[in-house]
Amino acid sequence: MTETHVRTCPLCEAMCGLRVTVEDGHVTRIRGDDDDVWSKGYICPKGATLGHLHHDPDRLRAPLVRTGDSWREVSWEDAFREIERRLRPIIEEHGVGAVATYIGNPTAHNFSLGRYIGAFMVMSGITQIYSAGTVDQWPKNVVCALMYGGMWSIPVPDLDRTDYLLMLGANPAASQGSLLAVPDVLGHLDRIRTRGGRVVVVDPRRTKTAERADEWLPIRPGTDAAMLLAIVHVLFAEGLTRPGPVADKTRGIDTVERLARPFTPEAVAATCGVSADTIRRLARELAGAPTAAVYGRIGTCNQEFGTLASWLVEVVNVLTGNLDRVGGSMFANPIAWSQVGLRPPEFAEGFTFGRWTSRVRGAPEVLGQFPASCLGEEIATPGEGQLRALITIAGNPVISTPDPTTLDAALPGLGCMISVDNYLNETTRHADVILPGLSPFEQPHYDELIWSWAIRHAGNYSPPIFPPAADRPAEWKILLTLAALVGGQSYDEINVTELDDLFFAGLTAFKQAEPGSPIADRALDEITAVSPPGGPERLLDLAIRSGPYGDAYGTRAGGLTLAALEAKPHGIDLGPLEPRLADVLAPQMDKIELAPAYVIADIPRLRARLDRHDDGLVLVSRRHLRSNNSWMHNVAPLMTGKPRCTLLIHPTDATRLALDDGMAARVTSRTGSVEVPVEITAEMMPGVVSLPHGWGHDKPGVRLAVATAHPGVNNNLLAPGDRVDVPSGNAALNGIPVDVRAVEP
Ligand SMILES: Nc1nc2c(c(=O)[nH]1)N[C@H]1C(S)=C(S)[C@@H](COP(=O)(O)OP(=O)(O)OC[C@H]3O[C@@H](n4cnc5c(=O)[nH]c(N)nc54)[C@H](O)[C@@H]3O)O[C@H]1N2
Ligand SMILES: Nc1nc2c(c(=O)[nH]1)N[C@H]1C(S)=C(S)[C@@H](COP(=O)(O)OP(=O)(O)OC[C@H]3O[C@@H](n4cnc5c(=O)[nH]c(N)nc54)[C@H](O)[C@@H]3O)O[C@H]1N2
Ligand code: SF4
Ligand SMILES: [Mo]
């Protein structure tokens, strides 16, 4: 029997609509859904292989319990009882403060996990929270929290209408967009150019994105902030600032002018490797374009001055009048609000950081988290407050975070480690119990979070294709059960339905208490009576119905509900973004804070950088279209072609170091060393080498048949744990000084 299903790909922010052909229970073909209102048939090679992921024999389908080096499959009840047996004594003796969690990237893309991670944190009482956020976008979160009052109030370039795009440190040709949801980004870049606009890409590597732009501008890694501040300098010096309507709603323009004064183009040119003339021209182009947007991503976050660079992206958008205007940098207003965008009560009066510090290194907390690299030392270092239990949720920190040697060595010392994960991999091999989630095709899908930074107001809900096996819990049930166990309930007491009802009631009340809430006067039983019975669908329905286009549970005729969305399998599109700054600014803020004290306090560090002359080789990371962080190298059709885990190096550097193409090189930093094949290419700027992240699958005990045949090396072995962007604590995984030499055969 052949069936065709329509659904959204959950792998990345492009959210492509797929047509999935299933023959006799087997996925035989996946292509883009031409009728999808958002992606219109666009697809990449990863989406086309979701069937392989679904059928992957290594994907875990039952809980695993480890004894020594051997694993056995157990029932779900036995798995939870084992967790209880192991966790209880730790919590009784040391308290919940001895338990940490690490939350990985797929939680942002997974229907269950995304909606229940908040419940997990609150109900478990865990306060030691680590996440992939501090190796990713923490600088953006800090900047948007301070400037706009919400850590997820992140504007996106209005690609459909802009006349000028300045993109720094992003390679959507591989990543498909990040904190920028758009299908077929390269198509959008082409269209900017065909309508007479201009695209400039700033990156130490001439990426496929740069090749599609009007101009590639190589930059010395970690110096974007200096270049952007010089652009700000020119805007003021040449009288080019025109903040337009947001001027009245902005505080601190004078402060920014004063701060930019010493950062003349000439003062930064040598450091950035960008000429003063080019910097002046960029400033003039940005100011002169009818509309323009500056966008920065991993390369501007995951680096030494991530917060300053991310802040200056916003500053340039404000000063050129492009924030919150059509064709500029705009805030989405998604159909369904995302829980992560709710304003935490603890920050009602504004954001403060460093409220507590880490035990071992004294790192300040930022938005409730320490740098991911603190995790290993907090486990390994004895004493009061030592971490003794860890719950990883869809994360692979042994590959993804800096200084993985310390973490990898520390994990076996835990009294209890639990992983909610679909694979037995480099991190989860240390777990005592692994609890697998469902395959993407066994669960519904809707991207509440990702639509918060999409370039249009659209939405698409997908039902599951396959029913999960009868005994398999969805991940939201796993999270609630774990939360209750950590919170002190015994397994026999746990009632997941009650916990879910409690969570729903709490979120509903939170939403009702917001000023102007459209559901303020609705009684909870009135709401539950017309809601799905529970689980993530009920939460999504709440987020739609109480959202900007929702029916407010019957109060707004014709408004949206989950059911209305389900009736449109190819999605709905409610049009382009609209200016909405007044809604975005937090209630305690009357204006945009253009020069937050916390951020500008880091400027002396940037000035000192201008006096540092480091001419040695530095390492940056890269992504490939056919990889997804660390976890999709087990999908055989994605692993064909030439080896991808190679060191890219410019011909002049290669000649100087006597390296030939294909030869092995040893790359050494102050913390580690890896051996990797060399790929000589003029797409790198001289002085900069590049390795992909997400590799290093040669660890004993992993169950990844395909990935271990192409292990590659883990570039984070070269990343010192203390190399962070100071204000955010985000890892600085780009711009690492390295030594490269030929390995004698
Ligand atoms: N050097 C360097 N390091 C980097 C980066 C870089 O650019 N350079 N990028 C950083 C960035 S941006 C990120 S986001 C991090 C990512 O860091 P992590 O989130 O720690 O790592 P991932 O590789 O995304 O691992 C995802 C894990 O989730 C599991 N998984 C996949 N799908 C599911 C699911 O549906 N349910 C469950 N329960 N588990 C699932 C996988 O098996 C895997 O173990 O890496 C960071 N590390
Ligand atoms: N295929 C695929 N797609 C993905 C992922 C994946 O692993 N594979 N990961 C997903 C995740 S978790 C994320 S966060 C996003 C990230 O999405 P992007 O931000 O687009 O990430 P990258 O493709 O790594 O591009 C980062 C670029 O920054 C450049 N760079 C490095 N250092 C600097 C610097 O100091 N300054 C400047 N200007 N540039 C610099 C690098 O050379 C690289 O080209 O991608 C997501 N999408
Ligand atoms: S670009 Fe590829 S991975 Fe991303 S959503 Fe589309 S098909 Fe999936
Ligand atoms: Mo990420």
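Author: Domain bounds here come from an automatic or database domain assignment. The model itself is predicted.

Reader: From which domains does the shell around ligand 1 draw at least three residues each?

Author: A residue counts as near the ligand if one of its heavy atoms lies within 4 Å of it. Here the shell takes at least three residues from each of domain 2 (60-126 + 372-441 + 474-494) and domain 4 (614-742).

Reader: How many residues surround ligand 1, and which are the closest?

Author: Ligand 1 is surrounded by 30 residues, the closest being Tyr102, Asn105, Asp421, Glu475 and Ser630. Sorted by class, the shell holds twelve nonpolar, 14 polar and four charged residues.

Reader: Which atom of Tyr102 lies 2.7 Å from an oxygen atom of ligand 1?

Author: A polar contact is a pair of N or O atoms within 3.5 Å. In Tyr102 the atom is a polar one of the side chain. Asn105 instead places a backbone N or O atom 2.6 Å from a ligand oxygen, and a polar backbone atom of Asn396 is 2.9 Å from an oxygen of ligand 1. Of the 920 Å² of accessible area that ligand 1 has on its own, the protein covers 97%.

Reader: Now the sheet. In what order do the seven strands run?

Author: Strands of a sheet pair through backbone hydrogen bonds, either parallel or antiparallel. This open sheet has mixed pairing and the order β5-β4-β17-β16-β15-β6-β7. From one strand to the next, the twist averages 20°.

Reader: How many bridges join β4 to β17?

Author: Two, between residues 64-67 and residues 433-435, and these strands run antiparallel. Leu64 is opposite Ile434 in β17.

Note on methods
Residues numbered from 1 in each chain as written. Chains lettered and ligands numbered in written order. Predicted model: local features only at pLDDT ≥ 70, side-chain atom pairs only at ≥ 80, totals over all residues. Heavy atoms only, no water. Polar contact = N/O pair within 3.5 Å; in protein donor to acceptor, adjacent residues only side chain to side chain. Areas by Shrake-Rupley, 256 points an atom, 1.4 Å probe, with all protein chains shown as cover. Nonpolar A, V, L, I, M, F, W, Y, C, P; charged D, E, K, R; others polar. Pairing = 2+ DSSP bridges. Helix = DSSP H or I, 4+ residues; strand = E, 2+ residues; numbered from the N terminus. Axes fitted to C-alpha atoms, helices over the stretch in contact; angles between N-to-C directions.
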